[in-house]
Amino acid sequence: MSVWPFPKTLLDELLAGLAHGPGIELGSGSGGLHARLGSAGIQLLTSDLAARCDVRADALDLPFRPAQFGLVVAGNLVRHIAPAGRASFFAAVSRVVRPGGRVLLLEDHPEARTPAESNYRNALALLARVDGARGVAVDLEEILADQDPGLAELTWSASLENEEAPDDPFAPADWIEARVGDLDGAVTAHRQEVRAQGMEYGRFQAFVLQRTDRTVDP
């Protein structure tokens, strides 16, 4: 994930969270978001199911003490969580963030404005056909509306522009073909669209939630 540059108003929100305690990124993956945040002065621990992180952890069952963090960041993680598991995810995050702390959710915007952006979202959909855990682009606004707001209130939101393009726009097609083939011609059609129109990430959705209660359940 590569959002850049971060708006100052967003950085202010994240620093406000860190004022309440340490920060952690869940589902840190290859570390791109962590590096960008670090260069902007937001220092976080990393957590993922992969080995290359500070703490190996399942985002639905976080092995941390209640109210351990002032800031929790999740970038392109919610789309990997099945709808049935989202309540568990938000409950786990709410448990580990301190009152006054912040939770930053970032996801690829589900709406494409150009053919190149549409090609990226189509790549996500094709990958999800092969591996459902990857997930398609989700609408964070709809997901948050469906969740019990519980202990959090929205303090900041925006669509963040991202003009970067994938280093290898054919990597998703290569990955799919190596595992299951052409998906009845869908991968070939996708390649043709990418050759003709390119591929761009497009916007990200960004939502910052603040924990507002004064007590922490064990």
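I started with Tyr120, which is buried, with a relative accessible area of 10%. My cut-offs: buried is under 20% relative accessible area, exposed is over 50%, and partly exposed is in between, with a 1.4 Å probe and protein chains only.

Notes on the source. This is a predicted model, where local features need pLDDT of at least 70, side-chain atom pairs count only at pLDDT 80 or more, and totals for chains, interfaces and linings use all residues. Residues are numbered from 1 along each chain as its sequence is written, and side-chain values use heavy atoms, with hydrogens and water left out.

**Aromatic pairs**

I looked up the ring pairs and got 3 of them in the structure. Rings of Phe, Tyr and Trp (its six-membered ring) pair if their centres lie within 6.5 Å; planes under 30 degrees apart are stacked, over 60 edge-to-face, and the rest tilted. Phe89 and Phe90 make an edge-to-face pair, 5.2 Å centre to centre with 70 degrees between the planes. Phe89 and Phe90 are both buried.

Tyr120 pairs with Tyr201, also edge-to-face, at 5.0 Å centre to centre and 90 degrees between the planes. Tyr120 sits in helix 4 (residues 115-130) and Tyr201 in the loop between helix 7 (186-197) and strand 7, so this pair ties together parts 81 residues apart in sequence. For the record, helices (H or I, at least four residues) and strands (E, at least two) are DSSP runs, numbered from the N terminus.

I also noted Arg134 over the face of Trp175, 4.3 Å from the ring centre. The rule for a charge over a ring: NZ of Lys or CZ of Arg within 6 Å of the ring centre and within 35 degrees of the ring normal.

**The cores**

Next I checked the largest nonpolar core, which has 24 residues; Leu26, Val72, Leu77, Val78, Phe89, Val103 and Leu105 have the most contacts inside it. Such a core is a set of buried Ala, Val, Leu, Ile, Met, Phe, Trp, Tyr and Cys residues joined through side-chain atoms within 4.5 Å. At least two residues each come from strand 1 (23-26), strand 4 (69-75), helix 3 (86-96), strand 5 (97-108), helix 5 (140-146) and strand 7 (204-211). Helix 3 gives the most, with 5 residues. Apart from this core lies another, of 17 residues, including Ile42, Leu71, Trp156 and Ala206.

I went through helix 3 and found Arg86, Phe89, Phe90, Ala92, Val93, Ser94 and Val96 buried. The buried residues of helix 3 pack against strand 1, strand 4, strand 5, helix 5 and strand 7.

Then I listed contacts (heavy atoms within 4.5 Å). Leaving aside neighbours within four places in sequence, Val72 is in contact with Ile24, Leu26, Val93, Val96, Val97, Arg102, Val103 and Leu104. Gln68, in the loop between strand 3 (55-56) and strand 4, is buried at 17% relative accessibility. Not counting residues up to four places away, Gln68 touches Pro22, Val96 and Arg98.

Asn76 has a positive phi of about 50 degrees although it is not a glycine. I found Asn76 in the loop between strand 4 and helix 3, buried at 11% relative accessibility. Leu183 also has a positive phi, near 50 degrees, and lies in the loop between helix 6 (171-180) and helix 7. Leu183 is buried, at 17% relative accessible area.

Last, Ala196 in helix 7 is exposed, with a relative accessible area of 66%.
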